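I opened my notebook for a look at how two chains meet and what surrounds a ligand. Here is the structure I had on screen.

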Amino acid sequence: MSQLKRKRPDSNSVADSLTEHERVVYDAIRSKQEMGISQRDLKREINLLDKLASKSLKSLQDKNLVRLVPNFQSKGMKHYIAAEFNPSTEITGGAWYTDGSLDSDFIGVLKATCLKFVPNLKVATLEGFVEAVKKSRVSQVELSKKQIEELVESLVCDNELMKVKSTGIGEFASIPVGKVCYKRIDKGNRVSGTMASIPCGVCPQISICTPDGIVSPKTCVYYNTWLDF
Amino acid sequence: MASQYGLKYAVHIITSHFGNLVAKVCECLLRKGPLTLHNLIRFTELTPLQVKNSLLVLIQHNCVQAFIEESGVGDGAKLNTQYIALFNNIIHRSRFSKFLAIVSKELGEECLKLFEGLLQHGRLTLAQIVDRAISSTKGSDIAPGAIRETFLKLLGSHFVERCPAPEPVLSPPNQELPSSAKRGSKSAKLQKIETETLEQRVSEEAAPSEAMRFLLTTDAESNVDGGKDENDSSSSLVGEKRKYDALELDKEGEATNERVILWRANFEEFIRRLRHKACIEHVRHLGNGAVIVLSAMLEATRSAENKVKIDASAPLSLNSIYEEVIKNDAGRNMTFDRVRSSLIELGCPPLVKAFNDSYIIDFKAIIDLAQNDEVESIVLKRYGQEAYKMFRALSQAGHLLETDKIAEQTFYEKKDTPKVLYKLWKEEYLHMEKLQITGARQSQLLLWKVNKKNLWEHVLDEMFHAALNLSLRLAHELEKEKELLNPPQSRDRIIRVRLVLESAQIKLDDAIMLFHDF
Ligand code: SF4
């Protein structure tokens, strides 16, 4: 979580002392506010010689008027923002990103927190998850409902939760009928797939395997290992 | 039309059961579709006698059906007998052990013996069945009456049925439409014809009427189904004679019936039961209560099912479910409340739906879930966790999603996402579309989607391929064992190999049924 905060530079005094070229560059960046601008777009926009632009950028950075921020969309690309703005979440990627990279550890902890909240085959609502995450104090920053929803939805993709609609009875008794809920999937009790349990089912060569070809069930190495008693 | 490997697997089954000659004729029919005897001889380059004999075998074992197609307008009088391979019935041959297990469990040893004979011979008359049973139990005198009783049990459970008409007449599709039909129903019927395969149409046309299908003898054999039997005598090839006259009304007629009416295993009933069994397996993770309640519901509604692939069961009230539950041992200690709460469990996700105070089984939902599970487990094992998540995200969305959106939903690095998706696309697990956008920085977006229909077909074809490979490998192992005079310890090995391969075959066939028959 790097919501970088800088002291607001004393813009008047420093900004006044800019060269003509620095001024052009500075204004261009500043006009983009919290969105900032990539080096490539900047150069296209201000129409300065490459060398001059680079030099101006360098000195603006030295004067603490602009700074580089990581852009999670395109990590290799330099992205500038005027010092008085905090980069928008469209640049930082929001809560899930730290320095432009996906914060997998943080996400992992949050997911585990959500799962702990619903035991096997039980159900929970989105509001329930929001509350559980808040109580757990896993996150320093407050996560929005939408962000928790993103988390929960990804747990659906992970096949840990299943999206169901409340029927208003049984375990849904306290939940209005028709409301979307999440049910914990009991994985321990599931049989794994049939195809996945035999060599051909997961074989990378299946498309070239023929009864009498070079790759064939008679000579197949995967079978040899499988049947190696 | 069967898929490439479905076809190869079918030919493989026929080869191992009936030899190369019969398989050649069968393969020709499977590949080229229905053919006349003349064309069949021409394409297979076998002698007429060879082809005829092969056809007789295939018809006897319900793998081929003869039919006559009325040619369209104009020279409507010209009728040619054609032969069509029945792909489903051929594949069913690999599941005989499952059918036998069902009969044995439900009706016991006596019925099993009769039924086994029927599977071995494809089609038999009751007289033949009785003769076989008597000769097989030499010494101990067994009354024909008792055998008939046993047969009636099989009939009562719908495990056997009357054979279809030898040569039904198929009118051209456009003539099947009654001219007075309203527009709506007309298009509905047209659609039905379009989605039905020729194999289905022929089988439907040939099938005895529901009233006749499980009837041992009827008073008016000649009247009820007379229309269909009209052409029977024209088929010398099939050698079936089903023209009846008034004589049959008396005792003598009944005896004739026994010698004339052919019976066979009713595959449909077995597939239905296996479908039910698969449904039960799929709710097992919900606990014992759910299993008992669903089993009871299936038992109570089964007789109302008129085809295998029905989407939903007949409705049942809570009371009648409870009544059915306590009929068997496992359910007897369930309280009314427990049944009710199991029904609630089955309702989330809605595998059993409640409406108007009654409950129906949503077969389609159960089968869909099971199919998804199977495909997803392949994706997981073959392409890894990340691919699995992305596949699920797409599969649940059910529409096109852009690369970045998928990355966000699955919390995966954006720049690495296309690689994973691309791999799935390359092996036909995903559909991809390119979207050109002008003006903005990014000039091309990639959109992805799970195309279920195509993918399911692809997966099924791979399953047939895998089934063929299992079978070939097993044959190869046994062959090897025979060739080498192996030391005793290798005998242990072959026993284990056999066990592993055969149980894999049985399980894989369950998966094939899930995608093909259910
Ligand atoms: S037989 Fe071997 S090579 Fe062929 S598809 Fe199966 S596992 Fe792959």
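My entries below go through the interface and then the ligand site.

I noted that this is a predicted model, with local features needing pLDDT of at least 70 and side-chain atom pairs pLDDT 80 or more, while totals for chains, interfaces and linings use all residues. Residues are numbered from 1 along each chain as its sequence is written, chains are lettered from A and ligands numbered from 1 in the order written, and side-chain values use heavy atoms, without hydrogens and water.

**Interface**

I looked up who takes part: chain A brings 54 residues and chain B 47 (contact means heavy atoms within 4.5 Å). Together they bury about 4600 Å², 62% of it on carbon and sulfur atoms; this is the accessible area (1.4 Å probe) that two parts lose on being put together, summed over both. B:H285, B:F411 and B:R473 supply 18% of what chain B buries against chain A, more than any other three residues.

Next I checked charges and found one salt bridge between the chains (a side-chain nitrogen of Lys or Arg within 4 Å of a carboxyl oxygen of Asp or Glu). A:D158 and B:K389 form a salt bridge through their side chains, at 3.6 Å from N to O.

**Ligand site**

Which residues surround the ligand? I listed A:P199, A:C200, A:C203, A:I206, A:C209, A:V215, A:P217, A:C220, A:Y222, A:Y223 and B:N469 (near means a heavy atom within 4 Å). Both chains A and B contribute residues around the ligand, so the site is shared between chains. By class, I get ten nonpolar, one polar and no charged residues in this shell; Ala, Val, Leu, Ile, Met, Phe, Trp, Tyr, Cys and Pro count as nonpolar, Asp, Glu, Lys and Arg as charged, and the others, Gly among them, as polar.
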